[in-house]
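Below is a short report on one protein model.

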Amino acid sequence: MLRIASANVNGIRAARRRGFGDWLATRGCDVIALQEVRAQASKLPDGAFGDFHVALETGTLPGRNGVAVLTRRPPVAVRTWSGAALLGAPDEALTSVPAEDRVPLARGLSRFVAEGRYLEVDLADAPVTIACLYLPKGGLPAHLQRPERMREAPDGGAKYARKMQFMDGFARYLTRTRRAAAAEGREFLLMGDLNIAHTRQDLAAWRRNQQTDGFLPEEREWLGRQLSPRTLVDVVRRLHPDEDGPYSWWSWLGQSFAKDAGWRIDYHLATPRLARSAVRAAVDREHEGMRLSDHSPVVVDYDWA
């Protein structure tokens with residue numbers, strides 16, 4: 001059995017203060033993909049990743065982004081878009097190592113290589129490649145921007161265009177790297193915060209959010225194109241086909257968490273054979289009464305032999 005989790009921690013230091021370290025020590029996961037680590041190596045708290053080996057891509061933007069994959073055994077390979085990663089064993093300092101990608105970077109992704117948004121590892125104890133992604137949040141296209149309804153100043157659709165460029169390039173890249181894993185006899189599992197709710201089941205207030213970034217028709221259609229019974233399967237939806245949610249993100253504002261009025265934007269997308277081995281999926285809404293982040297970990301048990 002492999003217990004694998006994905007969690008946007010919204011800052012590893014803040015998450016540690018809310019009990020992430022205890023969750024890490026007691027949840028029994030074998031692999032954990034983290035997004036929004038939000039700390040350069042020198043700013044990481046002692047014991048930030050517990051008793052796990054860590055592969056970390058911080059990016060170069062202080063206090064923003066950053067992805068990591070935690071494993072029980074050292075990974076046999078690590079790949080990043082920037083060509084380098086930080087590796088560390090429990091109770092040891094992180095070391096920068098080469099981490100060259102194995103497939104060409106798709107057109108449109110070069111502007112994102114230094115942002116700490118993507119990391120891949122090959123597991124040592126299972127023929128599986130784990131990919132961790134933090135997809136840009138984006139924004140609204142210019143024609144939907146209404147200053148009176150926006151918390152930020154209108155940007156003419158710049159953030160929207162940026163996200164669409166990322167998604168366009170990443171779709172091509174995803175096909176390449178998934179096929180490269182298959183050529184090496186490995187299953188492929190993409191986890192992370194995709195900042196898209198795919199269907200009406202994935203967003204509690206879908207009616208009033210149809211012109212909200214993260215639920216725009218073109219975003220949802222893009223995610224749908226990445227999924228098929230022959231390529232990648234939405235594991236949690238496969239295990240929970242007929243229910244709303246389970247949601248993985250709730251605003252800190254208002255009563256959305258108490259009312260479970262959330263979004264499902266954190267995913268496990270697996271190659272078909274690996275997806276079929278999934279037997280349980282859960283969202284850890286709280287740990288000992290505390291929210292670890294505005295996201296909650298998505299934990300899946302894979303009965304993998």
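## A facing pair in the sheet

D193 stands opposite D266, which belongs to strand 12. The model is predicted: local features need pLDDT of at least 70, side-chain atom pairs count only at pLDDT 80 or more, and totals for chains, interfaces and linings use all residues. Residues are numbered from 1 along each chain as its sequence is written, and side-chain values use heavy atoms, without hydrogens and water.

Strand 10 (residues 187-193) pairs with strand 12 (residues 266-270). The sense is antiparallel, over 5 bridges. Two strands pair if DSSP finds at least two bridges between them. Helices (H or I, at least four residues) and strands (E, at least two) are DSSP runs, numbered from the N terminus.

## The whole sheet and its helix

The open sheet has 6 strands, in the order 5-8-9-10-12-11, with mixed pairing. Strand 5 (77-80) and strand 11 (233-234) are at the edges. Each has a single partner strand, so one side of each lacks a neighbour in the sheet.

Helix 3 (residues 158-183) packs on the sheet. The helix touches strand 8 (118-122), strand 9 (128-134) and strand 10. Contact means heavy atoms within 4.5 Å. The direction of helix 3 makes about 150° with that of strand 10. Axes are lines fitted to C-alpha atoms, for helices over the stretch in contact; angles run from 0 to 180 degrees between N-to-C directions.

## Aromatic pairs

The whole structure holds 12 aromatic pairs. Rings of Phe, Tyr and Trp (its six-membered ring) pair if their centres lie within 6.5 Å; planes under 30 degrees apart are stacked, over 60 edge-to-face, and the rest tilted. W81 and Y173 have ring centres 5.4 Å apart and planes at 85°, so this pair is edge-to-face. W81 sits in the loop between strand 5 and strand 6 (83-88), and Y173 in helix 3, 92 residues apart.

W81 is buried at 11% relative accessible area, and Y173 is buried at 1%. Buried means under 20%, exposed over 50%, partly exposed in between (1.4 Å probe, protein chains only). Ring pairs join W81, F112, Y118, F166, F170 and Y173 into a cluster.

## L274 and its contacts

L274 lies in helix 6 (residues 272-276). L274 is buried, with 0% relative accessibility. Beyond its neighbours within four places in sequence, L274 contacts V128, E187, F188, L189, Y302 and W304.
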